[in-house]
Amino acid sequence: MAEQKKNATIYDVAEKVGVSLATVSRVVNGNDNVRQSTRDKVLKAIDELGYQPNAVARGLASKKTTTIGVVMPDVTNIFYSELTRGVDDIAQMYQYDALLTNTDDEQDRAVTAIKNLMTKQVDGIIYMGTKLSEPVMAMIQSAGVPIVLAGSVAENEALPSVNIDYVTAFETVTTKLLARGHQRIALVLGSRDRAIDQDFRLVGYQRALQEAGIDYDDQLVFAKARTYEAGQLQAADLMAQDVTAVVAYDDEIAVSILNYYQDHGYKVPEDLEIVTSNNTNFSIVSRPELSSINQPKYDIGAVAMRMLTKLMNGEKLTETQIKLPYTLISRGSTRTK
């Protein structure tokens, strides 16, 4: 009968076989510098005792913990959940465990999250935060491990990233609304001080206006609503500006605006057209369903994790700024003509 022992340690294995801790460690970490007969005895003892090598303990010898950290701004946001599915599947394929952290999109918490992940000796980090403040960048630079952005961008392309061409996507959506005669198109952003909003989404919106010969009006750009309730308050501000179309950065906020307008007697898309940009389940459970930029969310996470595995293995990336293709999906929140 197998000699099962609860919570067996490396010391138990070494004692059972009559070898040193270093020998057991070499076997666990796949070191070839162990005689085959000894290796077989160690592996048999590991099996009989039910010893489970700890990732951090393995890391003492291999300098790797086979663990990566994932920094998420909001674990309840479906967009980031779908990105994380892609990350986790590829992580498992390459035998990495993922530690998830939530920051509530707060920069102080992002700094703490990265610091905490480093104390756990992670081999790399996938960062999904949409803002990269100076304190966050300073912590990233001092982390000493590879970091890849997923669904986000850094100023001056300072970090490897995977996303879509946000500039072109928002320019295309705005251009389509302008072509249907809209003059007062609202752009709803998450913030006015994040690179992804200010340097990409806003730039695409402005390019479309410029191409159509329409002056940019800063009063039609709204920001900071990140919850359904905040979106309702912001919808009142949109209504006060007599907007006839909305391009929103987030599906939950888009649904909030949609409901607010319909609750106040507006018809969508007859009185107001709405386009969102994440194409999560929010966009199809609303009535009418929301037209959306369709980002390959799972693929963004998966490709980011693959990039991270290469960096953790000391490989050089042939491309550091990867933009995956997106599509535009027309649904009931926009007119066909």
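Residues are numbered from 1 along each chain as its sequence is written, and because the model is predicted, local features need pLDDT of at least 70 and side-chain atom pairs count only at pLDDT 80 or more, while totals for chains, interfaces and linings use all residues. Side-chain values use heavy atoms, with hydrogens and water left out.

**Stop 1: helices H8 and H9**

Begin by selecting residues 166-179, which form helix H8, and residues 195-212, which form helix H9; helices here are DSSP runs of H or I with at least four residues, strands are runs of E with at least two, and both are numbered from the N terminus. Two packed helices are described by the angle between their axes and the distance between the axes. For H8 and H9 the axes come within 7 Å and cross at roughly 35 degrees, where an axis is a line fitted to C-alpha atoms over the stretch in contact and angles run from 0 to 180 degrees between N-to-C directions. The crossing of H8 and H9 is right-handed, that is, the near helix is turned clockwise from the far one by less than a right angle.

On the H8 side, the residues in contact include Tyr 166, Phe 170, Thr 174 and Leu 178, and on the H9 side they include Ile 196, Phe 200, Arg 201, Val 203, Gly 204 and Leu 209. The residues of this contact divide into 11 nonpolar, 3 polar and 4 charged, with Ala, Val, Leu, Ile, Met, Phe, Trp, Tyr, Cys and Pro counted as nonpolar, Asp, Glu, Lys and Arg as charged, and the others, Gly among them, as polar.

Stay here and select Arg 201 with Tyr 166: the charged end of Arg 201 sits over the ring of Tyr 166, 5.5 Å from its centre. The rule applied is that NZ of Lys or CZ of Arg is within 6 Å of the ring centre and within 35 degrees of the ring normal.

**Stop 2: aromatic pairs**

Rings of Phe, Tyr and Trp (its six-membered ring) pair if their centres lie within 6.5 Å, and their planes count as stacked under 30 degrees apart, edge-to-face over 60 and tilted for the rest. By this rule the count comes to 3 aromatic pairs. Select Phe 79 and Tyr 80, an edge-to-face pair with 5.2 Å from centre to centre and 80 degrees between the planes. Phe 79 is buried, at 5% relative accessible area, and Tyr 80 is buried as well, at 9%; buried means under 20%, exposed over 50% and partly exposed in between, with a 1.4 Å probe and protein chains only.

Tyr 261 is buried, with a relative accessible area of 1%, whereas Tyr 266 is partly exposed, at 31%.

**Stop 3: Asn 278 and its surroundings**

Select Asn 278 in the loop between strand S9 (273-276) and helix H12 (282-285), where it counts as buried at 4% relative accessibility. Leaving aside residues up to four places away in sequence, Asn 278 touches Phe 79, Tyr 249, Asp 250, Asp 251, Ser 292, Ile 293, Gln 295 and Lys 297.

**Stop 4: backbone geometry**

Most residues other than glycine have a negative phi, and most peptide bonds are trans. Select Val 268 and Pro 269, which are joined by a cis peptide bond with omega about 15 degrees; Pro 269 is placed in the loop between helix H11 (251-263) and S9. A cis peptide bond also joins Arg 287 and Pro 288, with omega about -5 degrees, and Pro 288 is placed in the loop between H12 and strand S10 (291-294).

For positive phi values, go to Asp 104, where phi is near 55 degrees, in the loop between strand S2 (97-102) and helix H6 (107-119). Then select Gln 121, where phi is near 60 degrees, in the loop between H6 and strand S3 (124-127). Asp 104 is partly exposed at 39% relative accessibility, and Gln 121 is partly exposed at 39%.

**Stop 5: a distance along the chain**

Finish with Thr 66, in the loop between helix H4 (55-62) and strand S1 (67-72). The C-alpha atoms of Thr 66 and Met 312 are separated by 9.7 Å, with the two residues 246 apart along the chain.

Technical notes. Contact = heavy atoms within 4.5 Å.
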